[in-house]
Amino acid sequence: MKVAVVGATGMVGEVMLKVLAERNFPVTELIPVASERSVGKEIEYNGKKYKVVSLDTAVSMKPQIALFSAGGDTSKEWAPKFAEAGTTVIDNSSAWRMDTTKKLVVPEINASELTKDDKIIANPNCSTIQMVLALAPLHKKYNIERVVVSTYQSVTGTGVKAVKQLENEYAGIEGEMAYKYPIHRNAIPQIDVFEENGYTKEEMKMTKETKKILSDDSIKVTATTVRIPTVGGHSEAVNVEFSNDFDIKEVRSILENTPGITVQDDISAFSYPMPLYAEGKDDVFVGRIRRDESQDNTLNMWIVADNLRKGAATNAVQIAEYLVANNLV
């Protein structure tokens, strides 16, 4: 099993390597891939050192699986080249997510849709993954009509430059800015670029991807995404309106029995999800589960997950695990 990791020296790429090792993915030959300036650098994986190679070289090596985390432009150009060489690409960028010919996969929800013919598979946006994991079983039971979500997102979602900006600002050091504004002691209500409708690209990703993953265009979704000075993961306040009424105990039970979810919801013990404690974990944490008393059939939840793991690397590796387990590569 030859596995290429494209963007191996980036923040998500490094976590992908870590997750592959932790989960004992059956890698017989690792192919770390990065931009030309990183070619020849050494990375360590499972106690062995590997030299970073170029995209051209990686394609010619014909890996069975390529995990991509190198940005949309790289994916648009190179994913088809890997696919033509027989490689199955699992892409972490936004390049293929809304392409009608490509599957957008959260394994616990819709991996069963995958076939051998799916040579480019899209990994959803980090903030979408954690939300839909909690929404999917509730949609089956009560039928979701509308979702209102506000996110509180970690600087790690922007990358190394943003983490450095936050660290510099904590220390009172002037340095390179990933954002237009300081992030320390601040909240920036803009993630990605603004679109013509006044929403950001991140907000529209959450809207469109949710409908695609849950295979239901009738669900109304509206999002406000905010960057805050945390590093452990993304947090979301999610308000869900259902067609049918629900019992709170049953909602908790459904979520507790959903693979990949940990319910942390004991207000008497001040137990609820927080990014500080989600960091480094693969589960999606759900708490503050309560009825919205302002209207019928409506639920409030607080959802937290490590955006570099389940929000990116772990979800991609889980897709790869499904492909291997079902002889699709």
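**Stop 1: a salt bridge at Arg309**

Select Arg309 and Asp282: they form a salt bridge, and their closest N and O atoms are 2.9 Å apart. Arg309 sits in helix H10, while Asp282 is in the loop between H9 and strand S12 (284-291), so this pair ties together parts that are 27 residues apart in sequence. Keep in mind that you are looking at a predicted model.

Is Arg309 buried or exposed? Arg309 is buried, with a relative accessible area of 4%. Asp282 is partly exposed, at 23%. The cut-off for buried is under 20%.

Together with Asp282 and Arg309, they are linked in a network of salt bridges. Side chains of opposite charge can pair when their charged atoms come close.

**Stop 2: Asp265 and Arg252**

Select Asp265 and Arg252 next. Here is another salt bridge, with the closest N and O atoms 2.6 Å apart. Asp265 lies in the loop between strand S11 (261-263) and H9, and Arg252 lies in helix H8 (residues 248-256), so the pair ties together parts 13 residues apart in sequence. Asp265 is buried, with a relative accessible area of 17%. Arg252 is partly exposed, at 25%.

**Stop 3: a pair within one helix**

Go to helix H7 and pick Lys205 and Glu202. They form a salt bridge, and the closest N and O atoms are 3.7 Å apart. How far apart are they along the helix? They are 3 residues apart in H7, so about one helical turn separates them. Lys205 and Glu202 are both buried. Across the model, the count comes to 17 salt bridges.

**Stop 4: the largest pocket**

The largest pocket holds about 1300 Å³ of space. Now colour four helices: H1 (11-22), H3 (72-84), H7 (201-213) and H10 (309-325). These are the elements that give two or more residues to the lining. What kinds of residue make up the lining of the largest pocket? There are 17 nonpolar, 23 polar and 8 charged residues.

**Stop 5: a surface patch**

Finish on the surface. Select Phe270, Tyr272, Met274, Leu276 and Tyr277. They form a nonpolar patch, with about 560 Å² of accessible area together. Zoom in on Tyr277, which lies in helix H9 (residues 275-278). Tyr277 is partly exposed, with a relative accessible area of 49%.

Note on methods:
Residues numbered from 1 in each chain as written. Predicted model: local features only at pLDDT ≥ 70, side-chain atom pairs only at ≥ 80, totals over all residues. Heavy atoms only, no water. Patch = residues over 30% accessible without salt bridge, like charges linked within 9 Å, V, L, I, M, F, W, Y side chains within 5 Å. Areas by Shrake-Rupley, 256 points an atom, 1.4 Å probe, with all protein chains shown as cover. Salt bridge = Lys/Arg side-chain N within 4 Å of Asp/Glu carboxyl O. Buried < 20%, exposed > 50% of the residue type's maximum accessible area, 1.4 Å probe, protein only. 1 Å grid on protein atoms, 1.4 Å probe; cavity = no way out; pocket = protein on both sides within 12 Å on 5 of 7 lines; lining within 4 Å. Points joined across faces, edges and corners; volume = space filled by probe spheres on them. Nonpolar A, V, L, I, M, F, W, Y, C, P; charged D, E, K, R; others polar.
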